[in-house]
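Good morning, and thank you for the time.

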Amino acid sequence: PPRHPTQMRVPRLLVTYRERIGGHRVPIVVLEVIDFDAKRLGITRVVRVCGAPRALGVQAFEAERFARARQLLGKEYTGFPRACQQVYAAICGDKDAHINCMDAFEVYVRGDFDPFLLGTWCERKEKHGEEIVERFSPMLAAAVAKTFDEPPAMRPHSPTAQWEGWITVGEGRPYSHINTPPQSVEAAVQRM
């Protein structure tokens, strides 16, 4: 298979960082990857900082994490990995904190594809002295999808409705803009 075989075509790439609070996965920060193509996730902006969910009884420690995240609203970074590291470090209150952005950051996606094809191919590599496994989805080349900053309030009810759900950023990669012709997407995947 190609080195990075997935290419999901999206009109907008919204990525969310969520943490477990009170037994629930809660969104904290939403990023928009403004400049992206088959080979890179470039300029990234913090577009939304979620409020601490009152119903979950957020502790003072968790409230501080949300407050630190709020200071990032509107900040723009030259690349997606750098944005993720900066966001995570700010939330943790530790400038040296590291995170695997391809696994820890997620995309809520809706598309016309089989979810069983997600993450069917993987690659092992070393990063910051740790072995990590990156997952890809080779059978989704040129699949058209939409990303959301959170699950939409209204979901399709048709039995032929598109699949939707949370995936890690890595599972959907590499991404391309919806205006990229499918033939170009497939050719780019073949060259990788």
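This is a predicted model: local features need pLDDT of at least 70, side-chain atom pairs count only at pLDDT 80 or more; totals for chains, interfaces and linings use all residues.

Strand S8, residues 105-111, has seven of its seven residues buried, so S8 is largely enclosed by the rest of the structure. Buried here means under 20% relative accessible area, exposed means over 50%, and partly exposed lies in between, with a 1.4 Å probe and protein chains only as cover. Strands are DSSP runs of E of at least two residues, helices are runs of H or I of at least four, and both are numbered from the N terminus. Residues are numbered from 1 along each chain as its sequence is written, and side-chain values use heavy atoms, with hydrogens and water left out.

Both faces of S8 are covered.

Which strands pair with S8? Strand S2 is joined to S8 by two bridges and runs antiparallel to it. Two strands are said to pair if DSSP finds at least two bridges between them.

Let me stay with Glu106, which lies in S8. Glu106 has a relative accessible area of 10% and is therefore buried. Where does its side chain find a polar contact? The side chain of Arg25 is the partner, at 3.1 Å. A polar contact is a pair of N or O atoms within 3.5 Å; within protein, one must be able to donate a hydrogen and the other to accept it, and residues adjacent in sequence count only if both atoms are side-chain atoms. Leaving aside neighbours within four places in sequence, Glu106 is in contact (heavy atoms within 4.5 Å) with residues including Leu14, Thr16, Arg25, Trp166 and Thr168.

Thr16 links this part of the chain to the next. Its bridge partner in S8 is Glu106, and Thr16 also stands opposite Val30 in S3. S2, residues 13-21, pairs with S3 in the antiparallel sense over nine bridges. The hairpin of S2 and S3 has two residues between the strands, and Gly22 takes a positive phi near 55° there. In S3, residues 24-33, seven of the 10 residues are buried, so S3 is largely enclosed by the rest of the structure.

From S3 we pass to S6. Five bridges join these two antiparallel strands, with Glu32 opposite Arg45. Thr44 lies in S6, residues 44-49. Is Thr44 buried or exposed? Its relative accessible area is 0%, so Thr44 is buried. A polar atom of its side chain lies 2.7 Å from the backbone oxygen of Gly42, and the side chain of Thr44 also reaches the backbone nitrogen of Phe80 at 3.5 Å. Beyond four places in sequence, its contacts include Leu31, Val33, Tyr77, Phe80 and Ala83.

Phe80 and Ala83 are among the buried residues of helix H2, as are Cys84, Val87 and Ile91. H2 has 13 residues, 80-92, which at 1.5 Å a residue should span 18 Å, and its end C-alpha atoms are 18 Å apart, in agreement. The expected span is 1.5 Å times one less than the number of residues. Just after H2, Gly93 takes a positive phi of about 75°.

Now the cysteines. How many disulfides are there? The count is zero, a disulfide being a pair of cysteine sulfur atoms within 2.5 Å. The sulfur of Cys101 has its closest cysteine sulfur in Cys84, 4.3 Å away, which is too far for a bond. Cys101 counts as buried because its relative accessibility is 4%, whereas Cys92 is partly exposed at 24%.

Finally, the chain as a whole. It has four helices and 13 strands, and 47% of its 192 residues count as buried. Of the contacts between residues at least 6 apart in sequence, 66% join residues at least 24 apart.
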